[in-house]
Amino acid sequence: MIISQKTIEKLRSLINEETEYRSGPKLVVFFNKYGFADLYEPGFPSRWIYTESKLKELNGKPELDKCIKDLFAPINFISRFSELDKLIGDFNQYLSFDGWQVVRQSQTITFQKAKSVDIDSEKSKEVQPNEIEFLKAEFKDISISSLPVDSCLIPRSTVERNQAMPVRQSPVICDISYWQHIRRCIVRYCQQISSDIQ
């Protein structure tokens with residue numbers, strides 16, 4: 001299997017810390033299983049330089065396949081199998097551009113040819129937070145009149161739409177957007193509640 005530079009970088013991160021933190025001596029032990037005879041001595045390079053150089057040497061060789069299989073071996077993830085599947089899924093996003101996928105079948109790690117990468121379907125999975133939708137979803141049951149807000153801060157459009165709302169006399173009613181106003185009031189209200197709790 002031959003993998004791209006981006007996949008090597010992701011694999012380096014998985015080996016160095018994402019699956020477990022590996023110190024310099026642990027990295028030497030890890031890579032010596034694949035034909036190296038390194039020693040951890042003074043002057044040893046940084047962990048990421050060492051790991052990336054070893055992965056480049058293994059690239060295109062059968063030892064790279066074994067390295068990936070060992071990295072994702074389920075025995076190393078006892079009580080963390082959901083984390084293992086997530087790590088494999090994240091790695092497959094890179095590896096699929098190289099034409100491969102890691103597959104966990106029970107306790108066995110194998111490879112299969114990847115189908116083409118459908119970027120449009122991947123884009124639809126991305127979460128795109130929208131401020132207005134967030135406010136509607138999270139604060140839809142909060143009425144502006146129930147917040148402890150001075151009437152000078154209530155947006156003009158709110159007062160015009162809701163003439164029945166009791167408004168304290170105030171010299172100025174601000175022209176700010178309704179949602180900006182709601183967000184500011186909620187933040188202030190939440191800060192006040194959290195300070196009261198402390």
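Is Ile 75 buried or exposed? With 64% relative accessibility, Ile 75 counts as exposed (buried is under 20% relative accessible area, exposed over 50%, partly exposed in between; 1.4 Å probe, protein chains only).

## Basis of the model

The model is predicted: local features need pLDDT of at least 70 and side-chain atom pairs count only at pLDDT 80 or more, while totals for chains, interfaces and linings use all residues. Residues are numbered from 1 along each chain as its sequence is written, and side-chain values use heavy atoms, with hydrogens and water left out.

## Nonpolar core

The largest nonpolar core has 30 residues, of which Leu 11, Ile 15, Phe 31, Ile 68, Phe 72 and Val 102 touch the most other members (a core is a set of buried Ala, Val, Leu, Ile, Met, Phe, Trp, Tyr and Cys residues joined through side-chain atoms within 4.5 Å). At least two core residues come from each of H1 (5–18), H2 (24–32), H3 (47–58), H4 (62–71), H5 (81–95) and strand E2 (108–113); helices (H or I, at least four residues) and strands (E, at least two) are DSSP runs, numbered from the N terminus. H5 gives the most, five residues.

Beyond its neighbours within four places in sequence, Val 102 is in contact (heavy atoms within 4.5 Å) with residues including Ile 68, Phe 72, Ile 88 and Phe 111.

## Helix H2

Gly 24, Leu 27, Val 28, Phe 30 and Phe 31 are the buried residues of H2. Viewed down the helix axis, they fall within an arc of 165° (taken from the directions from the axis to the C-beta atoms), so they line one face of H2. Their cover includes H1, H3 and H4.
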